[in-house]
Amino acid sequence: MFKNSKELASFVRKSVVEMTHNGNSSHVGSCLSIVDILSVIYFDYLKTFPNDPKNKERDWFILSKGHAGAAIYATLSGMGYFDSSFLKKHYQNGSIMSGHVSHKSIPGVEFSTGSLGHGLPVACGIAHGYKLDNLNNKVVCLLSDGECDEGSNWEAILYANHFQLSNLTVVVDYNKLQSLDSTDNTITLEPFSDKWISFGWDLTECDGHDHKALKSALNKKSNKPKVIIANTTKGYGISFMESKVLWHYRSPQGQEYKD
């Protein structure tokens with residue numbers, strides 16, 4: 001359907017705004033900050049089988065920041081897992097597409113998330129299983145920056161280094177806003193990159209909206225688990241939403257949606 005990841009991102013960004021508007025749901029800002037990341041992961045990196053989602057040769061993706069469910073649903077639709085008409089029912093009564101991402105009856109979603117700090121431990125287990133079976137399947141997990149306040153993530157980070165899970169890549173959506181305030185004012189993460197390096201990970205930092213930089217970071221070869229600190233802007237692509245914590249919970253309505 002799309003010629004490149006940028007075209008996919010354009011579709012996903014527009015779909016996310018429509019979905020959160022139609023369902024009067026939260027987290028449009030959180031979705032928009034990861035649109036480019038998801039588009040590059042799916043278009044340029046993962047081995048996927050939209051017509052056979054459970055194919056044993058597939059690579060795995062887990063969206064640990066499950067509140068950005070609209071973004072992964074739209075990405076999967078854009079990749080051909082299901083028709084885009086299903087997106088119109090997002091977060092509405094009777095819909096299978098809940099606000100926080102659910103794998104139930106949705107092709108391509110591997111794991112339901114929402115309670116933060118659960119995605120990476122599961123991703124570690126999947127990656128370790130592939131290692132033990134001498135298989136080359138890749139596993140990618142996308143975390144939010146605020147989610148890195150969770151202790152379960154740091155246990156998983158230790159685990160991945162101990163077992164040298166070189167088939168595992170973590171991408172952190174570092175938009176520096178969480179829930180009701182900045183990450184600095186909530187629980188300071190800095191020196192963030194140094195923490196990952198000290199835990200034994202191969203780290204790359206890049207612009208999380210630069211498709212070329214993201215593709216390069218994802219394809220970097222390493223014998224360690226990889227982490228990409230993707231510097232992003234919450235609400236990216238919509239001027240009045242950018243870097244505004246308000247859009248963690250607010251949905252675009254009325255003139256905001258028309259604009």
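Biologist: How many nonpolar, polar and charged residues does the lining of the largest cavity have?

Modeller: The model is predicted: local features need pLDDT of at least 70 and side-chain atom pairs count only at pLDDT 80 or more, while totals for chains, interfaces and linings use all residues. A cavity is a set of points, on a 1 Å grid over the protein atoms alone, where a 1.4 Å probe fits but cannot get out, and its lining residues have an atom within 4 Å of a point. Ala, Val, Leu, Ile, Met, Phe, Trp, Tyr, Cys and Pro count as nonpolar, Asp, Glu, Lys and Arg as charged, and the others, Gly among them, as polar. By these classes, the lining of the largest cavity has two polar and three charged residues, and its nonpolar residues number eight.

Biologist: Which residues of that lining lie nearest the centre of the largest cavity?

Modeller: Residues are numbered from 1 along each chain as its sequence is written, and side-chain values use heavy atoms, with hydrogens and water left out. The largest cavity has a volume of about 90 Å³, a volume being the space filled by probe spheres set on the grid points, which are joined across faces, edges and corners. Of the 13 lining residues, those nearest the centre are Y42, D59, Y81, G108 and E110.

Biologist: Against which elements do the buried residues of α5 pack?

Modeller: A residue is buried under 20% relative accessible area, exposed over 50% and partly exposed in between (1.4 Å probe, protein chains only). In α5, the buried residues are G119, L120, A123, C124, I126, A127, H128 and Y130. These residues pack against β1 (60-63), β2 (139-144), α6 (151-162) and β3 (168-174).

Biologist: Which residue follows α1 with a positive phi?

Modeller: Helix α1 covers residues 5-23, and its buried residues include L8, A9, V12, V16 and M19. After the helix comes a phi near 50 degrees, and the residue that takes it is N24.

Biologist: Which residues does T75 touch beyond its neighbours in sequence?

Modeller: T75 is found in helix α4 (residues 69-78) and is buried because its relative accessibility is 0%. Contact means heavy atoms within 4.5 Å. Leaving aside neighbours within four places in sequence, T75 is in contact with L8, V12, L38 and Y42.

Biologist: How far apart are the C-alpha atoms of T75 and N93?

Modeller: Along the chain, T75 and N93 are 18 residues apart. Their C-alpha atoms are separated by 22 Å.

Biologist: Why does H209 count as buried?

Modeller: H209 is found in the loop between β6 (202-207) and α9 (211-218). Not counting residues up to four places away in sequence, it touches L32, S33, D36, N231, T232, T233 and Y236. H209 counts as buried because its relative accessible area is 12%.

Biologist: Which residue does a cis peptide bond join to E190?

Modeller: Most residues other than glycine have a negative phi, and most peptide bonds are trans. The cis bond from E190 has an omega of about 0 degrees.

Biologist: What is the phi of Y91?

Modeller: Y91 is found in the loop between α4 and α5. With a relative accessible area of 45%, Y91 is partly exposed. Its phi is positive although the residue is not glycine, and the value is near 65 degrees.

Biologist: Is K176 buried or partly exposed?

Modeller: K176 is found in the loop between β3 and β4 (177-178). Its phi is positive, near 70 degrees, in a residue other than glycine. Because its relative accessibility is 34%, K176 counts as partly exposed.

Notes:
Helices (H or I, at least four residues) and strands (E, at least two) are DSSP runs, numbered from the N terminus. On a 1 Å grid over the protein atoms alone, a cavity is a set of points where a 1.4 Å probe fits but cannot get out, and a pocket is an open set with protein on both sides within 12 Å along at least five of seven lines; lining residues have an atom within 4 Å of a point. The expected span of a helix is 1.5 Å times one less than its number of residues.
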